[in-house]
Amino acid sequence: MKRLMAIMLKDNLIRFTSPLEWLFFLILPVIFTFILSGGTGEASDSRILLYVVDQAQSSLSISLISELERSTSVKPEVTSLNNAQSAFESRKVSAVLVLPEDLSMQTLQAGNAEVELWQQPSNTNALIARQGIQAAVNRVSSSVDIANISVNQASKIKPFSSESARQVFFDQALATAQDLMNSAPRRVVEIKGVTPDPVSYDPRANSSLGQMITWVFIPLIGLSAMFAMERQAGTLRRILVTPTSKATIIAGTVIGQVLTALVQMVILILFGIFVMKINWGESPLAVALMITSSALAAGALGTMLGTFVKTEGQANGLSIMVGMVMAMMGGCWYPIELFPAVIRNIVKIFPTTWAMQGMLDIVTRGQGVSGVWLEAAVLFGFALVFFVIGVWRFKYE
Amino acid sequence: MRKLFLIALKDLRLIFRDRSALILMLVAPFVLTLGMGAVTGRFSGSSTSGIRDIPVTIVNLDNGQLGNALVEMFTSADLADLVEPVLLSDLDAAKILVDEDESAAVIFIPEGFSASIIPDPATGSLSEHIEIEFYSNPTRPTSAGILKTILDQFISQVEIARISGEVAVRQMIENGLIETSQAAVLGATIGREMSNVSMARSSITINDITASGEAVEFDILSYMAPGMALMFLMFTVAYGGRSLIVENRQSTLPRMLVTPTSSTLILGGKVFGIFLTAVAQLLILIGGTSLLFRLYWGDLLGLIVLVMTAAIGATGWGVLLAAVLNTPGQVATVGSAVMLIFGLLGGSFFDLSNLPTWVQFLSRITPNAWGMDGFTTLALGGTLKNILTPVAALTGMGIVLFTISALWITRHGLSRK
């Protein structure tokens, strides 16, 4: 036991010799969690982006833009002509609406108001923008359209005696049309369906859990670098002359780093609870079970990898790469429900998938031990398999 | 000049001989791109490059003029690419399609809808008020929103037609043009005439201008591959910068300084070596992903210029790290941290437009964000003239950072590195 403690202390002393280790232990996980909690959810406004160049700056152009803002399909963004041209030429926007200088109530009443719509070729987003603009244009011009129709119908029966008589008729018709449009009854009632959402996603919870797993797995997989470094430095060989078994050396290193990882996870959980306002449920036992099984699986994976690499440099590169790939594929960066069905099954080979699912069960589904025992059991299974392979392949030189 | 090239080529060879470095320079971005392609469905063909073929179910029990017009509009050739309408007669069956996520919405046109808007030609009377029911799928807000826009546009035109008749009749009665007894028939006639008018008719004309060229389908991998390449580019430049300190520790730098080679030339050679390595890394990744994933990176000239300038911007950061830090370990650790932070801020993991505004602003200090901007523009069919801003920003970033680094190194001495 004393030897075990000595190895654990030695490894942590080596690891935390440089204050820069705190970057990866705490600072980066917190930064990533904080930023991603606002960045990985569903886009808050998923409407099609429409650049609008308002050269008119008239009451009509302002009304039209307001109408577009109420659209359920396009999201107008007023910008300059140069910006719009540049974005359109580089195909960053599907459509641009230009409201020319002469767009005003006068040109609308005269029936020669025009707007310009630039569209990318064969682009469905541009087609959607066209529909949204047409709907907005119809609403804005509807009263004037109606007044013009009335004038035309009246002139068919009896031509107007003068232009002023025509204008008086138009003004009266416009006022009546505006009244009637404002009091028009509702024609469509919208009812929301009861489609179950396949993606239960909470950006704060997902980013907090996902980043915790990412930043705990990467250093634990990095245990491989510790073994490689000691092997390169010849210190493992020196231990050969001491009455210390292979299992004690490996257990000391793994347990030491797993305990450190548990401390790291507890700090990140507290950050989640007090800063991100995440509810970690009512079962501390379930939380303890999940973080312990996750850390053991990651530590054992690092031990196993350590027997395959030759140098510390290789181990460092490999641990970052393996950690990032496993985190991404395990649903720590993106909700796993968004993955194709085949991939959702394939990623079950990664411990990160089970760690993420178990922790999501606790945080978003309020599960206790009975709800996470399967995930924990699988993680302990991973730990056992990786550890056995690690011990079996372990070499001092 | 020959010495500068020799120093640069020597560094390039050393880096490409280091298997450990190659894992993060080439293998990691490649594997992560592969993983991202898999999780987004790029390789299984389930990724989407735009909204099209929105499934909508229409139940038309009206079978009147307006109900039929609405069905015709949704089944017209104009909307053929956008919507995929299914006509059913059973409302409950249609709603089940939405509840099972097989349809974005149901448009239910009840019996008597037309008669509730268009007056009876004989009596001029309307039947009771009837509303269309729009049953939307809450898990497809964008598609449902688009369908609602189309429906609203139709209703708006119907309303204009209805009110046109009413306004015209009122005005004509008030101006003594017709008798009250003629009102019902005339109103109904105008209403019918107007409801046949094209949906596009408005006092505001929309002049459509379609850009020349072919349609470009956005490939999700065109976003992810540059993201990963740029993130691990930061590893490469930090690793290159680290060699300056390593050479000093191994005493090869002092040895170079005793040769008739100025410290400026040595520093220039080291910087050029980092730049060459960065360019080589990007070109290998671009070539590899083009061949293996058939990824289109865009205009060749623009691509070459962007690769060069992205390497310049990133090299600036690598040299700065080497200038201000003191040990190879510090450069490796801080370099990895910078790589990940820049990857996050630069949009290598997520679309920046989903991140808070202050993050988007901060992202501009990273070569990743400017590089992503340029690579995405090229992938969407842009050319060199469309990426001049990111090219200028990356070049400027490299020059500013290199100047700061050179001043720092001059002040502290190259041999101290």
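## Confidence

Within chain A, helix H10 (residues 235-240) of chain A has the lowest mean pLDDT of its elements, 76, while helix H15 (residues 351-363) of chain A has the highest, 93. The model is predicted. Averaged over chain A, pLDDT is 84, and 96% of the residues score at least 70. Chain B has a mean pLDDT of 84, with 92% of its residues at 70 or more. For the model, ipTM is 0.70 and pTM is 0.73.

## Domains of chain A

Chain A divides into domain 1 (2-40 + 202-393) and domain 2 (48-182). Between the C-alpha centres of domain 1 of chain A and domain 2 of chain A the distance is 58 Å.

## The sheet ending in S5 of chain B

One open sheet has 5 strands in the order S2(A)-S1(A)-S3(A)-S4(A)-S5(B), and its pairing is mixed. Strand S2 (74-78) of chain A and strand S5 (204-210) of chain B are the edge strands; each has a single partner strand, so one side of each lacks a neighbour in the sheet. From one strand to the next, the twist averages 25 degrees.

Strand S1 (residues 48-54) of chain A pairs with S2(A) in the parallel sense over 5 bridges, and A:Val52 has A:Val78 of S2(A) as its bridge partner. Helix H6 (residues 124-157) of chain A packs on this sheet, where it touches S1, S2, S3 and S4 of chain A as well as S5 of chain B. The direction of H6 of chain A makes about 165 degrees with that of S5(B). Helix H4 (residues 81-89) of chain A lies across S1, strand S3 (95-99) and strand S4 (113-119) of chain A, and runs at about 145 degrees to S1(A).

S4(A) and S5(B) run parallel and are joined by 7 bridges. Here the bridge partner of A:Leu117 is B:Asp208 in S5(B).

## The sheet starting with S5 of chain A

Another open sheet, also of 5 strands, has the order S5(A)-S4(B)-S3(B)-S1(B)-S2(B) and mixed pairing. At its edges stand strand S5 (188-192) of chain A and strand S2 (83-88) of chain B; each pairs with a single strand, so one side of each is without a neighbour in the sheet. The twist from one strand to the next averages 20 degrees.

| Strand pair | Sense | Bridges | Bridge partners |
|---|---|---|---|
| S5(A) and S4(B) | parallel | 5 bridges | A:Val189 and B:Glu133 |
| S1(B) and S3(B) | parallel | 5 bridges | B:Ile58 and B:Ile107 |
| S3(B) and S4(B) | antiparallel | 4 bridges | B:Ile107 and B:Phe134 |

In S3(B), 5 of its 5 residues are buried. B:Ala105, B:Ile107 and B:Ile109 point one way from S3(B), B:Val106 and B:Phe108 point the other way, and all are buried.

Helix H3 (residues 65-74) of chain B lies across strand S1 (54-60), S2 and strand S3 (105-109) of chain B, running at about 160 degrees to S1(B). Helix H5 (residues 141-174) of chain B packs on the sheet too, touching S5 of chain A and S1, S3 and S4 of chain B. The direction of H5 of chain B makes about 45 degrees with that of S1(B).

## The interface

Contact between the chains involves 96 residues of chain B and 93 residues of chain A. On the chain B side, the elements that each supply at least two residues include S4, S5, helix H2 (19-39) and helix H11 (328-345) of chain B. H5(B) provides the largest share of that side, 23 residues. By type, the chain B residues that touch chain A are 47 nonpolar, 34 polar and 15 charged.

## A:Trp215

A:Trp215 is in helix H8 (residues 203-221) of chain A. Is A:Trp215 buried or exposed? A:Trp215 counts as buried because 27 C-beta neighbours lie inside 10 Å. Leaving out residues up to four places away in sequence, A:Trp215 touches A:Phe24, A:Leu28 and A:Pro29. A:Phe32 is 183 residues from A:Trp215 along the chain, and the C-alpha atoms of the two are separated by 9.7 Å.

Notes:
Residues numbered from 1 in each chain as written. Chains lettered and ligands numbered in written order. Predicted model: local features only at pLDDT ≥ 70, side-chain atom pairs only at ≥ 80, totals over all residues. Pairing = 2+ DSSP bridges. Axes fitted to C-alpha atoms, helices over the stretch in contact; angles between N-to-C directions. Contact = placed C-beta atoms within 7 Å. Domains from an automatic or database assignment. Nonpolar A, V, L, I, M, F, W, Y, C, P; charged D, E, K, R; others polar. pLDDT = per-residue confidence, 0-100. Buried ≥ 20, exposed ≤ 12 C-beta atoms within 10 Å, placed from the backbone.
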